[in-house]
Amino acid sequence: MSVQKDREMTANYGDPVITGGLSVFDKEFDAAYYYEGNDLGISYSPEQTTFKLWAPTAGEAWVCLYDSWDAEQGTRHRMRRDINGTWVLKLNEDLEGVYYNFCVQIGEEQHEAVDPYAKAVGVNGDRGAIVDLKKTNPDRWSDEKPELSSPLDAVIYELHVRDATIHPASGARHKGKYLGLCEPGTTGPGGIPTALDHIASLGVTHVQLLPVFDYSTESVDETRLEEEQYNWGYDPKNYNVPEGSYATDPYDPYSRIRELKQLIQSFHDRGLRVVMDVVYNHVYDGHLSTFSQLVPGYYLRYTKDRQFSNGSGCGNDVASERPMMSKFIVDSIRYWAEEYHFDGFRFDLMGLIDVATMNEIRKQLNQIDPTILVYGEGWSIPTELAPSQLATQASAARMPGIGFFSDCVRDAIKGHVFESATGGFVTGVFGKEQEVRKSVAGGIDFSDDIKAFAMEPLQSINYAECHDNHTMWDKIVLATDTESGLLRREMHRLGSAIILTSQGIPFLHAGQEFMRTKDGVENSYNASDLVNRLDWDRCNVHQEDVDYIRALISLRKTHPAFRLQNADLVRSHLVFEPSPAHSVAYTLRSHAGGDPDQHLFVVYNADRNRVRIPLPELGKWELRFGGEYIQEQHDDYVMLSGIGMVVLAVAGEPESRESAASGKQE
Ligand code: CA
């Protein structure tokens, strides 16, 4: 702490004489030096490379060229000052394969740093690399995306690249790599499909990848890949370049780019869209960051006494509200969407980013493809910006088309996230029914006593587990220390069933389908492969549970009633029905959302004993899902055997009955 403070006290923000008397912290600085061009970084052709840097507080600026990623000596080329604080240099030669950095004179100091707009880097990302992007496309590279008619049709599956194939029995050749996840036909224990084939067999529509931008060397050193190293990657180093440790050759600047593109294409070819987890809320080291080197004081958020704002808990918050930082984030998102064909973006700690930047991202992505998903963690965290400006759940009304992770659903199902032993609805805790109803209604203002944060159901990302905190299985184990494995399994299934039948967008954590455990490790960001990897042995043992998730996804796809497109439809078709404690029952009435069935009746029962659930008098109820939990069915009630979800229906017109029945599970 004291080290940071000393560094900060001697921090040098440049001589205001250079910037017309304006300090980098002045509001007027933004207006005077905003640069709107889209040519920052390098523009390469075989004949010429143009370098452009935004560094208003620099007294001088140079391009440093190197023959290799680690060459000690390079050549320095002076840049010319241009408009709005930019610097420019054109070199008329073919620089493909050359490495570069920018160097700036700030007061008495010279700082060398990687181009923040770099699109390629050498190993560990300490120097930019000049590549011909046209040569980075894999052999098969198509603009076509898998069909998605509405964001509400999405079923998201969160996955870490390394976790997917690093298990010795994954069957993949390129274990832990982008290419490992491109391999079709891999099999594991018992001959089960693994990795890509397994994921494609589930019926999910989107794979959300944990960070695949270049993250810090302190987390994973790309020059020591023969050793086991593991990190989630929430410590951004180069925002516009893929991480090197997942590439087959991190020393070759082309390798990571081409192989990530190949991964995205492989997913697309299997009908899966791909979401990128982006971390624009902080950088891995506020002092060492390329941003702080090039324009000290500008890109990060400061307290009044010039300390870094630390809402992220990572030591520094990015000042997304400052125009050139906002522009950087928006440009970066556009680049990943256009160059890599990403289909969605998940914003880490979105609640630290300003509303205007998030809305600008939504607007620009709509121009590229309005079906691109945008959602994030809208947690409310203190930072050096007015709460009304922050992209938290409380700002949802001003952020149409942007989703928020629903902590309401998560904590209702399995219990408070920070209290390990506290259970939730599925583990039989009393009084969680109303929280579950909020989830079912998609977080919208449904009634006086059922409302959360969302304006529209697409704003609610419903999940029971993700990479953070305990997996649902581990949480259930902690909250139920005397229960049998069989009961726990029913609790877990019920949790997944609530996620996949609630209004909003369902989100699954990889391995949730086979009751993933991290052996009680709550924060596995740098834990071993043993803790983090997808365990294909466990997947083999839990094939019936994998089938259960497949059936749930199929149920959701068969019944548009579970995917109501707006809040008005939810309010007009969803009716909560009376049911005993530890259960929640509701109907989706009158062909909700164009459903083939006239009415659906859904009951989530968390009571482990036999329980009688009354049925509304709407017609003859037929089974659609969960028959194994029904002991007796009568016209006006069903007897359930214990914990589980049951879906019944009053059929619609005879011709549509067949298609509805195809989602039925016997
Ligand atoms: Ca890296």
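Val 104 has His 111 as its bridge partner in strand 8. The model is a predicted one, in which local features need pLDDT of at least 70 and side-chain atom pairs count only at pLDDT 80 or more, while totals for chains, interfaces and linings use all residues. Residues are numbered from 1 along each chain as its sequence is written, and side-chain values use heavy atoms, with hydrogens and water left out.

Strands here are DSSP runs of E with at least two residues, numbered from the N terminus, and two of them pair if DSSP finds at least two bridges between them. Strands 7 and 8 make a hairpin with two residues between them. In the turn of this hairpin, Gly 107 has a positive phi of about 60°.

Three bridges connect strand 17 (residues 403-406) with strand 18 (residues 460-463) in the parallel sense. Within this pairing, Phe 405 has Ile 461 of strand 18 as its bridge partner.

The model also contains a calcium ion. Its protein donors are Asp 214 (OD), Tyr 215 (O), Glu 222 (OE) and Glu 243 (OE), at 2.3 to 2.4 Å. Donors are N, O and S atoms within 2.8 Å of the metal, or 3.2 Å for Na, K and Ca; water is not among the atoms, so sites may look incomplete. Along the sequence, the spacing of the donor residues is D-Y-x6-E-x20-E. Tyr 215 counts as buried because its relative accessibility is 1%, and Glu 222 counts as buried at 2%. Buried means under 20% relative accessible area, with a 1.4 Å probe and protein chains only.

Finally, the structure holds four cavities of 30 Å³ or more. A cavity is a set of points, on a 1 Å grid over the protein atoms alone, where a 1.4 Å probe fits but cannot get out; lining residues have an atom within 4 Å of a point. The largest cavity has about 60 Å³ of space. Its lining includes Leu 40, Lys 52, Trp 54, Phe 102, Asp 115 and Tyr 299. Strand 2 (residues 49-54) gives the most to this lining, with three residues.

Methods. Buried < 20%, exposed > 50% of the residue type's maximum accessible area, 1.4 Å probe, protein only. 1 Å grid on protein atoms, 1.4 Å probe; cavity = no way out; pocket = protein on both sides within 12 Å on 5 of 7 lines; lining within 4 Å. Points joined across faces, edges and corners; volume = space filled by probe spheres on them. Helix = DSSP H or I, 4+ residues; strand = E, 2+ residues; numbered from the N terminus.
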